[in-house]
Amino acid sequence: MSTIAMSPPVEKSIERPGKLILVLRYLRRNKGLAVGLIILFGLVAFTVIGLMTVNTKNAYPLSVALKKPPSWKYPFGTDFFGRDLLAAMVVGMWQTAFIGVVAGGLGTFIGVVLGFTSAYFGGWIDGTVRTVCQVLAPIPVLLIQVVIAGSLDKRDVTIITMALIVVLLAWMGPTLVIRAQVLTMKERQFVAVAKLSGVSDLGIIFKEILPCLLPFIAAAFVAQVFVAVFAAFYLAVLGLGPLREPLLGNIIWAAQSQGAIFNGWWWWPIIPSIAMILILGSLALINMGLDELANPRVRRTE
Amino acid sequence: MTLKFVFRRLVFLVLVIWAASTIVFFIPRLSSRNALRERFGELARTGGFSPGDMEKIIASMQQQFGLDQPLLTQYWQYLHNIVRLDFGYSLYRYPSTVSDLIAQSLPWTIGLLLVSTILSFVIGNLLGGIAAWPRAPKWMRSIATPFILLTGVPPVIMAILLIFFVGFKLKWLPLGGAYSVGQVPNLSWTFALDMLRHQILPALALIFGSVGGWVLSMRGMGITIQGEDYVNFAEHKGLTGGRIFRDYYMRNALLPQVTGFALALGTVVTSAIIVEGLFGLPGIGTMLNLAIRSNDFPTIYGIVLFITITVAVLMTIVEFLYPLLDPRIRNS
């Protein structure tokens with residue numbers, strides 16, 4: 001105690017550090033978020049640089065020599081059907097990102113709209129939304145997606161339909177999260193003050209509540225991207241993806257059907273597996289980091 | 001637990017099953033694919049009967065399955081069948097019903113699922129609890145860290161990595177299949193051991209793929225619980241560390257985990273089925289894989305519905321178990 005009392009005030013002029021410095025300082029405390037962002041940045045860089053330098057035609061069958069192990073010419077090797085796995089990873093990563101962002105974005109959007117209307121207006125709207133979410137929640141979404149993807153004509157299965165299939169049954173999570181947050185937010189004093197001073201419902205929603213919820217929406221979005229990537233991956237592993245496209249799950253499905261590991265072509269399933277681990281791992285870390293940012297009560301007490 | 005609670009849960013269960021059945025009934029009918037036509041078209045190409053005969057067969061089949069009835073009649077009949085767990089006939093292995101096929105492969109899936117889920121839940125919660133327990137030795141608390149890092153690795157990828165490293169590189173365990181090639185299923189010890197050896201990698205894939213989630217949520221729970229008054233009270237009473245850990249800390253932290261378990265059941269079962277298919281064990285997963293490959297739609301829908309119903313029923317059972325775990329619910 002005494003040392004603190006004796007030390008003279010050091011700061012002479014109080015300078016507010018720039019925004020970037022503040023963000024970087026926060027990232028030093030929230031290491032999971034930092035690591036997740038670094039991995040994600042690396043993956044994005046790989047995809048972008050790859051799309052510019054690698055011949056993406058080689059990601060499709062019968063374009064290069066078959067079954068070559070990783071070498072200088074083919075850093076990730078080539079598969080049984082004559083795809084260069086490096087090109088396949090670049091294209092597959094891009095497609096995975098597309099599915100994730102489209103499905104995640106749509107799911108979060110539906111969730112935010114439904115969550116807000118349900119919590120803010122209450123009454124029968126809230127009752128309906130809540131019951132529908134609760135009834136749909138125990139149904140294993142992935143299996144229903146199997147039914148949808150299986151019923152589609154093979155020609156109709158594209159990257160875009162994959163994203164739509166995934167989103168069809170994946171909006172309940174964000175709806176419930178946003179609904180719960182709006183419910184607590186609605187009771188806060190600043191909302192009551194705004195209401196008494198005659199701000200319209202839309203004004204309160206957009207100017208008072210929405211800004212406070214941004215971290216939650218960001219966390220819900222990342223969680224949704226994770227769910228979408230995961231679901232699309234599982235569907236593709238089951239052979240329900242667009243079979244021609246080099247989606248990561250498709251490559252694993254193809255490798256599995258040809259008994260790749262059994263035949264010694266280990267790089268064929270292993271490389272997309274590692275890519276998937278990096279994608280899902282970074283998303284999981286970012287999600288946990290954002291949770292900590294949005295919800296300080298989760299912050300570690302260590 | 002009041003009668004009203006039981007009744008409400010049961011109504012909810014019926015609602016869930018009805019919703020799932022309805023989705024599975026209507027989605028295929030929205031699609032332009034005709035399962036019967038595809039199957040018989042395939043047979044006509046390979047088997048050599050004329051397209052004219054094919055139309056007749058399809059017409060008689062549609063009549064037999066009631067597919068010429070109005071949609072609502074079909075829907076009613078379908079719901080009626082679901083209640084009796086009758087999912088119709090498999091297209092690919094025609095005279096067998098889907099329920100027969102499920103019954104044949106179910107024991108494999110139940111065995112794998114039960115062992116891996118219980119082990120994963122117990123190990124995960126124990127490690128997570130220890131990781132958040134301030135009085136545990138440092139080395140014990142750090143065991144949990146590698147498992148947390150595994151959270152981002154789904155069981156399917158874990159399966160591929162294990163097949164490659166443990167099965168292919170180290171050659172410690174078989175790469176897949178239910179038993180060694182050349183073995184005939186019988187009731188001998190050698191066969192039982194051989195079968196068990198083939199189950200180890202799938203089980204490990206499922207355990208490693210899910211244990212991280214339990215560790216994480218239990219650690220979070222533990223951090224909240226250790227600041228509670230009753231834990232402080234137990235400490236001031238002078239109880240031993242082990243007693244506090246077991247009866248005050250773990251007991252209370254476990255309750256929400258059981259809820260989490262009920263919620264995660266769907267994912268757990270789905271993962272198990274896909275992993276099983278990857279290893280080619282003769283369970284429901286492999287059946288689903290085969291059905292998808294051979295466009296055997298009734299089997300796909302039957303499996304999906306069967307699993308959905310099972311998961312919903314299990315969730316309800318877990319909720320009925322709460323009062324046994326939590327005296328507060330029991331006495332209120």
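The notes below take up the basis of the model, the interface, chain A and the charged pairs in turn.

This is a predicted model, in which local features need pLDDT of at least 70 and side-chain atom pairs count only at pLDDT 80 or more, while totals for chains, interfaces and linings use all residues. Residues are numbered from 1 along each chain as its sequence is written, chains are lettered from A and ligands numbered from 1 in the order in which they are written, and side-chain values use heavy atoms, with hydrogens and water left out.

**Interface of chain B and chain A**

- In contact across the interface, where contact means heavy atoms within 4.5 Å, are 44 residues of chain B and 42 residues of chain A.
- The size of an interface is often given as the accessible area lost when the parts come together.
- Here the two chains bury about 4,000 Å² between them, 80% of it on carbon and sulfur atoms; buried area is the accessible area (1.4 Å probe) that two parts lose on being put together, summed over both.
- The elements that give two or more residues to the side of chain B that touches chain A are helix 1 (3–30), helix 8 (155–169), helix 9 (189–225), helix 11 (241–279), helix 12 (284–293) and helix 13 (297–325) of chain B, where helices (H or I, at least four residues) and strands (E, at least two) are DSSP runs, numbered from the N terminus.
- Helix 1 of chain B gives the most to this side, with nine residues.
- The residues on this side of chain B divide into 32 nonpolar, eight polar and four charged; Ala, Val, Leu, Ile, Met, Phe, Trp, Tyr, Cys and Pro count as nonpolar, Asp, Glu, Lys and Arg as charged, and the others, Gly among them, as polar.
- Across the interface the rule finds zero salt bridges, a salt bridge being a side-chain nitrogen of Lys or Arg within 4 Å of a carboxyl oxygen of Asp or Glu.

**Chain A**

- Chain A has twelve helices and zero strands, and its C-alpha atoms fill a box of roughly 70 × 60 × 35 Å, taken along the principal axes.
- Of the 302 residues of chain A, 47% count as buried, where buried means under 20% relative accessible area, exposed over 50%, and partly exposed in between (1.4 Å probe, protein chains only).
- Among contacts in chain A between residues at least 6 apart in sequence, 70% join residues at least 24 apart.

**Salt bridges**

- Over all chains, the count of salt bridges comes to four.
- One of them joins the side chains of Asp126(A) and Arg179(A), at 2.7 Å from N to O; because Asp126(A) lies in helix 5 (residues 123–136) and Arg179(A) in helix 8 (residues 172–186) of chain A, the pair ties together parts that are 53 residues apart in sequence.
- Both Asp126(A) and Arg179(A) are buried.
- Glu319(B) forms a salt bridge with Arg9(B), with the closest N and O atoms 2.5 Å apart; Glu319(B) lies in helix 13 of chain B and Arg9(B) in helix 1 of chain B, so the pair ties together parts that are 310 residues apart in sequence.
- Arg9(B) is partly exposed, with a relative accessible area of 21%.
- Arg243(B), Arg246(B) and Asp247(B) are linked in a network of salt bridges, and in the bridge between Asp247(B) and Arg246(B) the closest N and O atoms are 3.4 Å apart.
- Asp247(B) is partly exposed, with a relative accessible area of 30%, whereas Arg246(B) is exposed, with 53%.
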